[in-house]
Structures are given as C-alpha cells and as structure tokens.
Amino acid sequence: MMNWMHERVSPSLHRPAWKPKFVALKGPDIYLFDYPPMQTRDWVRCDTVFKVYECMLQICKDKELLDDRQHCCNILAGTGEKLYLSTESRAELLHLEKAWYRTNHSSITRLKHKTFGCTWRGNLCGLTLDLDSGFSLYDNSTKNFQWTYRFSQLRGSSDDGKTRLKLHFNCDPPGSIEIREIECTGLHTLLYSMNAFLSAKLASVDPTFLSSY
C-alpha cells in the first residue's frame, strides 16, 4: 500500500499544523516520506520507518480527533514515537487499516518467533513469542524453559506502563489462573508485538478474520 496522507506536527508561525507525507507499507515495515521514493536508495535513507509488528494502529473515534479533520489514526511505536495521521476519506482510512492487518499477518508468518530479554524472579530470561507454540520463558542461567503457554491460554494482561508486565493464563484445573510477572525494558515493543502475534494467530486459525478488514 502506498498513498499520500497528512501528519499532524507542532504548528508555528512558519509551519502549518499538517504536513503531507507519502506513506508506504512494504515488507514488514511502514515508511513515511516527504517525497515519493524514486530509487532503491530512497527506501534505505528513509528517516521514518518502523516494523509494523512493533507498532499499534489506532483508528480515532470522533471524540479523539484533534481538529476538524475527520479521518485520522494514531500509529504508536514501541520506541515511544506517536504519529497522528489523516487521510482524505474514510475509504482510504479503512484501506490503510486493512493493509496494516494483512502486512502484520504476512510479516509474522515469515518471522515465526521473536524473543525479548527480560527478568523473572530476579533471573535474566528470554520471553519468546512463537506463532506455533505461543509463549515460552527461557532462563539464561539454568538453560531451561521455565514455562510455556499457548496463545489461547492468555486470559489477559496488565502492566505499570514502564517495565512490569503481568500475564494471566488459564490452566488446569479448568477455571484456574496462573499469573506470570516479568520485567522488560522494552515493555511497549513487547506489548505491541504480543498484539501482532495474537492477531496473526487468530488470522491463521480463522480465515474470516482478515476478510473483515
């Protein structure tokens, strides 16, 4: 997907509140250009590029709009950046949303798994998100997996917005919940990646999921 959009920036006496941006979804990435790329090197030199699966796309509701532009969305990056974008029509906004989910699905399908450094019970560990097997935690000191859960076992999660994340999993006997608390410095990237893997998993088991976008 490639299309002109507008990005909201901090206005000044010499700069309007909105700036034209050429937005492209290519491979696993989203690019924002000031001018459309004409050569291969333009893609390499792009200043604003993010992995789709490390970001969150939010379509803005009416009460969330910042001015009179109606067709807007936020792109939240795990690194902390926030982009507020506008399209010319609702159809273009929905096209972006559909392309985003399809890009995420194809990217995660190719990526297969992603591991995040974290701590659990004071030990350095690696939390792996795997499209086939779900969540698993590997202890670096013991060289053993401490726990594994399928994506379907995730009941919910909560976090402190900084580093701490609690994962709530269904387990045996039925109705029981196990809570696993970890600390991760890249918390938001982890959260957005979790959402990306869960969406891709749902699309892999429910063919109608992507067709709804």
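The dialogue below takes up a sheet, a helix and several individual residues.

Tutor: Please note at the outset that this is a predicted model.

Student: In what order do the seven strands of the open sheet lie?

Tutor: Strands of a sheet pair through backbone hydrogen bonds, either parallel or antiparallel. Here the order is β4-β3-β2-β1-β7-β6-β5, with antiparallel pairing. Strands β4 (48-51) and β5 (55-59) form the edges, each pairing on one side only. From one strand to the next, the twist averages 30°.

Student: How many bridges join β3 to β4?

Tutor: Four bridges link β3, residues 29-33, to its antiparallel partner β4. Within this pairing, tyrosine 31 stands opposite valine 49.

Student: Which strands does helix α2 lie across?

Tutor: Helix α2, residues 90-111, lies across β1, β2, β3, β5 and β6, and runs at about 155° to β5.

Student: Is serine 136 buried or exposed?

Tutor: A residue counts as buried under 20% relative accessible area. Serine 136 has 10%, and is therefore buried. This residue belongs to strand β10, and its contacts include Phe145 and Trp147.

Student: What is the phi of lysine 112, and what is that of lysine 143?

Tutor: Lysine 112 has a positive phi near 75° and sits in the loop between α2 and β8; its relative accessibility of 39% makes it partly exposed. Lysine 143, in the loop between β10 and β11, has a positive phi of about 60° and is exposed at 54% relative accessible area.

Terms used. Residues numbered from 1 in each chain as written. Predicted model: local features only at pLDDT ≥ 70, side-chain atom pairs only at ≥ 80, totals over all residues. Heavy atoms only, no water. Pairing = 2+ DSSP bridges. Helix = DSSP H or I, 4+ residues; strand = E, 2+ residues; numbered from the N terminus. Axes fitted to C-alpha atoms, helices over the stretch in contact; angles between N-to-C directions. Contact = heavy atoms within 4.5 Å. Buried < 20%, exposed > 50% of the residue type's maximum accessible area, 1.4 Å probe, protein only. Lists of a residue's contacts leave out its neighbours within four places in sequence.
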